[in-house]
Amino acid sequence: MVRARAASNEHADSGSDGPRTGGRPRDAALDEAIIQATRDRLVRDGYSQMTIGDIAADANVSRPTLYRRWSTKFELVVDALDYGFRQERDTYALDLSRMEPREALVEAVRRLDPAYFNPNAMVLMGNFASEAIHTPELLEILRRQAVEPRVMLVENVLSQLQERGAVHDEIDKHTIATMCFGGYFGAFYRGENTKEMPETVVATLWPLIAKKTAAERRRSATDKRTR
């Protein structure tokens with residue numbers, strides 16, 4: 001539907017005189033079509049192999065129409081990535097007020113999944129890792145806007161659980177969050193389903209990081225006396 005709208009609007013757009021300041025698009029439908037085509041090509045071809053011509057053809061627009069908005073492939077890809085990051089940002093906020101501590105950590109680990117919002121995220125991350133030598137700026141953008149917000153979500157949840165007295169004060173939040181994040185990549189490369197990963201990861205971690213409740217401490221003391 002977006003591409004059909006883009007095709008119908010291009011004629012009106014093509015008569016404009018020169019680029020607008022900053023390369024901003026004049027027509028939302030054309031912008032959407034080009035951005036979506038770029039994101040699709042990033043998954044299929046990777047940054048190095050994708051071409052402006054392929055993107056224009058996929059979006060059903062002319063190359064001049066595309067170049068009036070973005071002067072380089074890199075600028076286009078940056079905007080295409082930002083398009084996805086902006087849609088993901090709401091997933092990084094987590095209200096713990098109605099959650100039990102363990103449930104809150106499970107939910108944070110669930111949102112840590114790179115594919116939580118975009119099922120192609122693992123492939124995209126692999127593509128950008130392969131560009132680390134030739135186009136390191138892409139990997140830095142990925143780290144800043146996709147990796148760090150996810151990892152910080154888990155660290156922030158652990159901090160809040162510390163404030164609630166649910167987990168030990170001395171835990172290494174950074175290492176725990178990084179290990180949880182890495183688990184998704186391990187599962188991806190091993191060909192395993194990640195649906196149950198948040199629960200199984202927390203089931204492993206929780207006994208090591210959680211403080212015992214008063215009832216649990218009483219039971220433990222009782223057990224010791226009765227042995």
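This is a predicted model: local features need pLDDT of at least 70, side-chain atom pairs count only at pLDDT 80 or more; totals for chains, interfaces and linings use all residues.
Reader: Where does tyrosine 83 lie, and is tyrosine 83 buried or exposed?

Author: Helices are DSSP runs of H or I with at least four residues, numbered from the N terminus, and tyrosine 83 belongs to helix α5, which covers residues 73-88. Buried means under 20% relative accessible area, exposed means over 50%, and partly exposed is in between, with a 1.4 Å probe and protein chains only. Tyrosine 83 has a relative accessibility of 17%, and therefore counts as buried.

Reader: Which residues is tyrosine 83 in contact with, leaving aside its neighbours within four places in sequence?

Author: Contact means heavy atoms within 4.5 Å, and on that basis tyrosine 83 touches Glu32, Ile35, Gln36 and Arg39, once neighbours within four places in sequence are set aside. Tyrosine 83 and glutamate 32 are 51 residues apart in sequence, yet their C-alpha atoms are 9.4 Å apart in space.

Reader: What is a salt bridge, and how many does the structure hold?

Author: Side chains of opposite charge can pair when their charged atoms come close. A salt bridge is a side-chain nitrogen of Lys or Arg within 4 Å of a carboxyl oxygen of Asp or Glu, and the structure holds twelve of them. In one of these, aspartate 54 pairs with arginine 41, with 3.8 Å between the closest N and O atoms. Aspartate 54 lies in helix α3 (residues 52-59) and arginine 41 in helix α2 (residues 28-49), so this pair ties together parts that are 13 residues apart in sequence. Aspartate 54, at 29% relative accessibility, counts as partly exposed, whereas arginine 41, at 13%, counts as buried.

Reader: What separates aspartate 82 and arginine 86 in helix α5?

Author: Aspartate 82 and arginine 86 are separated by about one helical turn, because they are four residues apart in helix α5. Their salt bridge has its closest N and O atoms 2.9 Å apart. Aspartate 82 is partly exposed at 23%, and arginine 86 is partly exposed at 47%.

How values were computed
Residues are numbered from 1 along each chain as its sequence is written. Side-chain values use heavy atoms; hydrogens and water are left out. Helices (H or I, at least four residues) and strands (E, at least two) are DSSP runs, numbered from the N terminus.
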